[in-house]
Amino acid sequence: MRSNHILNRVLILVLIMFNVGCDQVTKTIVRDRISYHENIPVIDNHLTLTKVENYGAFLSSGDSLPYAIKFILLSLMPLLVLAYGFYFLMIKTNLDRLFITGICFVIGGGIGNLYDRIIHGSVTDFLHIDFVIFQTGIFNVADLSIMAGMCLVLIHLYFKKRPQQLQGE
């Protein structure tokens with residue numbers, strides 16, 4: 001049983017590091033090979049690569065805040081939340097796999113963006129999707145990890161509550 005516990009923790013670390021690695025590899029390629037504001041169509045004009053630096057949070061919100069407040073809100077608080085999330089995954093032994101996977105994706109994406117913010121002073125964004133009827137902002141692989149992770153957590157929560165609701169009917 002102890003070896004199973006250790007294996008689960010190693011898999012959590014691998015999944016988090018996989019997310020961080022994918023994010024950092026793609027950002028390194030973009031930083032090295034794409035010019036700022038260059039538009040490279042990948043799938044017609046529906047998916048394009050456009051390198052920008054994001055000095056704020058989601059869609060550059062908080063970009064103009066004073067440095068001290070920006071540091072607290074965009075570096076210190078995320079670091080504390082990510083550390084707690086990691087600690088939570090390491091101490092809990094009876095969590096659902098879908099929930100664990102989702103939290104690993106969120107932590108991995110969060111670490112990827114936090115690493116950029118601390119090392120580079122900004123987060124490199126480069127993906128843009130045009131769905132014809134609406135468009136996304138410019139984002140990166142870490143943002144994809146966070147969104148996918150949150151979707152997995154929400155799916156887990158929905159199906160976790162659903163059987164209990166059916167039993168009460």
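The side chains of arginine 31 and aspartate 116 form a salt bridge, with N and O 3.0 Å apart; the term denotes a side-chain nitrogen of Lys or Arg within 4 Å of a carboxyl oxygen of Asp or Glu. Because arginine 31 belongs to helix H1 and aspartate 116 to helix H3, this pair ties together parts that are 85 residues apart in sequence. Helices here are DSSP runs of H or I with at least four residues, numbered from the N terminus. Arginine 31 is partly exposed at 21% relative accessibility, whereas aspartate 116 is buried at 0%. Buried means under 20% relative accessible area, exposed over 50%, and partly exposed in between (1.4 Å probe, protein chains only).

The model is predicted: local features need pLDDT of at least 70 and side-chain atom pairs count only at pLDDT 80 or more, while totals for chains, interfaces and linings use all residues. Residues are numbered from 1 along each chain as its sequence is written, and side-chain values use heavy atoms, leaving out hydrogens and water.

Aspartate 116 also pairs with lysine 27, the closest N and O atoms lying 2.8 Å apart. Lysine 27 is in helix H1 and aspartate 116 in helix H3 (residues 97–120), so this contact joins parts 89 residues apart in sequence. Both of these residues are buried.

Lysine 27 forms a further salt bridge with aspartate 23, at 2.9 Å between the closest N and O atoms. These two residues are 4 apart in helix H1 (residues 2–33), which means a separation of about one helical turn. Aspartate 23 is buried, at 0% relative accessibility.

The structure holds 3 salt bridges. Through shared partners, salt bridges join Asp23, Lys27, Arg31 and Asp116 into one network.
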